[in-house]
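Biologist: I would like to learn how to read this structure. Please take me through it feature by feature.

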Amino acid sequence: MIDCTHYRRTLMVDPHDPDPALGEHRATCRDCNLYAQRLLRFESRLERALRVPVPAQPGADALPSDRVVPLRRRLSRAAAGSAPYRKGWLAMAASVLLALVVAGGLWLSAPGPSLAADVVTHMAGEPQAWKRTDVPVPTPELLDVLRNSRLRLGSSAGVVSYAASCEFRGHRVPHLVVQTDSGPVTVMVLVHERVPKTVQFDEQGYRGVIVPVAGHGSLAVLTRGPSTDAKTVEHIATRVLDSIDWTG
Amino acid sequence: MKDRIGGNQKRARFQALCQSLRPDLLRFAFWLSRDRALAEDVVQETMLRAWKAQDSLLDEAAAKPWFLTIIRREYARTFERKRFVTVDVDELVAREEPMLAVAEEQDLAEMRAALFKLPDEYREPLVLQVLMGLSTAEIARELDLSGAAVLTRLFRARKQLRALCGEDTSLDPQE
């Protein structure tokens, strides 16, 4: 049994700590419940603040044509004594080298990796999303993520514990984690990716399915680890799809 | 021929991995250095080093900590190569104002300015936890600290940040 001080200390270290004892305390202590709500609002603001804007196209700022302006700006700032450290020609040489490497990679990589492979690769970049928790993402944050894809998610989908608007194949797409009986499940709404039929995949520890959605691209649903079989994943995908209300 | 196709696919996967991680790596480098231009330089160098050393990444699931380690080393190298001028935090905030003020909401801009004022020893573990999704154990490994030290720093980071943001801290626990 934990007391209020222990509960609040733990929350200050990790507001998303999934320890069931914390949930039990919160359910029985009104003051701590209010405290947790405030702290989670603060945490949500912190998460959004840390996500400073970066170039829309990953790697685009490495191309020489795009590097010219920032480099000049940086050099002039350095000359004016306002920047602590700039490494002019070295950065330019590195830019050209990286551009060559990227261009070479693009040339060598044809045909491109499959949609499923890209989805799995994207998962490696979001490990924090896989936490098992009963703490839902704040509603305004979820609505904000879903708005661009013109959809709403009904409560039958389950608790949405993570929602982010992610860069994927040149588009911003909703990346959600829904807590299910089988554990956390990742859902990516891919309105720009059409697939002719359902695709199942099992790669790098991820088991998933990409299902076509008439008029709205496709939906990718993934679980991590071997505990969930392919049939269950498909069942979860159907449930999530049923809970989606397309608004446009 | 088969080896070449396999090699090409491996390179393509690595490239896709770099692209998917790049936004968060840039953000991490930015919060580490509090300087967008320097962050871009560090990430660029990191990508080059990672490309050369890609064979040493045996498990793609471990890619993020792997990249973070390279970024932190690369950032440390910039200090070895050049003696930095001590800069006032308010000056740093003013210099990066275009970046910090991009926020649609004023409270995000305030939070970002507060993060700038947070000491490095508290800001770094907080960014690793909240932005990069690392567990306490992973942060401890990355920063070469004990688990208890990481917990203390995360606690102090949030406590200071809440105070800097003008939050009501009267109900916050004491250390």
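Biologist: What percentage of the 175 residues in chain B do buried residues make up?

Modeller: This is a predicted model, in which local features need pLDDT of at least 70 and side-chain atom pairs count only at pLDDT 80 or more, while totals for chains, interfaces and linings use all residues. Residues are numbered from 1 along each chain as its sequence is written, and chains are lettered from A and ligands numbered from 1 in the order in which they are written. A residue is buried if 20 or more other C-beta atoms, placed from the backbone, lie within 10 Å of its own. Buried residues make up 40% of chain B.

Biologist: How many helices and strands are in chain B?

Modeller: Chain B has 9 helices and 0 strands; helices (H or I, at least four residues) and strands (E, at least two) are DSSP runs, numbered from the N terminus.

Biologist: Which residues have the most contacts inside the largest nonpolar core?

Modeller: In soluble globular proteins, nonpolar side chains tend to be buried together. A nonpolar core is a set of buried Ala, Val, Leu, Ile, Met, Phe, Trp, Tyr and Cys residues joined through C-beta atoms within 7 Å. Here the largest has 59 residues, and those with the most contacts inside it are Leu25(B), Phe28(B), Ala29(B), Val43(B), Phe67(B), Ile71(B) and Val127(B). H1(B) gives the most to this core, 13 residues. A second, separate core has 34 residues, including Leu146(A) and Val191(A).

Biologist: What is Val127(B) in contact with, leaving aside its neighbours within four places in sequence?

Modeller: Contact requires C-beta atoms, placed from the backbone, within 7 Å. Val127(B) is in contact with Leu50(A), Phe28(B), Trp31(B) and Met132(B).

Biologist: At what angle do H3(A) and H6(B) pack?

Modeller: Two packed helices are described by the angle between their axes and the distance between the axes. Axes are lines fitted to C-alpha atoms, for helices over the stretch in contact, and angles run from 0 to 180 degrees between N-to-C directions. H3(A) and H6(B) pack at about 80 degrees, with their axes 9 Å apart. H3(A) is therefore roughly perpendicular to H6(B), a label for angles of 65 to 115 degrees. Among the residues making the contact are Leu46(A) and Ala49(A) of H3(A), and Leu108(B) and Met111(B) of H6(B).

Biologist: Which residues of H6(B) are buried?

Modeller: In H6(B), the buried residues are Leu108(B), Met111(B), Arg112(B), Ala113(B), Ala114(B) and Leu115(B).

How values were computed:
A residue is buried if 20 or more other C-beta atoms lie within 10 Å of its own, exposed if 12 or fewer, and partly exposed in between; C-beta atoms are placed from the backbone. Two residues are in contact if their C-beta atoms, placed from the backbone, lie within 7 Å. Angles under 35 degrees count as roughly parallel, over 145 as roughly antiparallel, 65 to 115 as roughly perpendicular and the rest as oblique.
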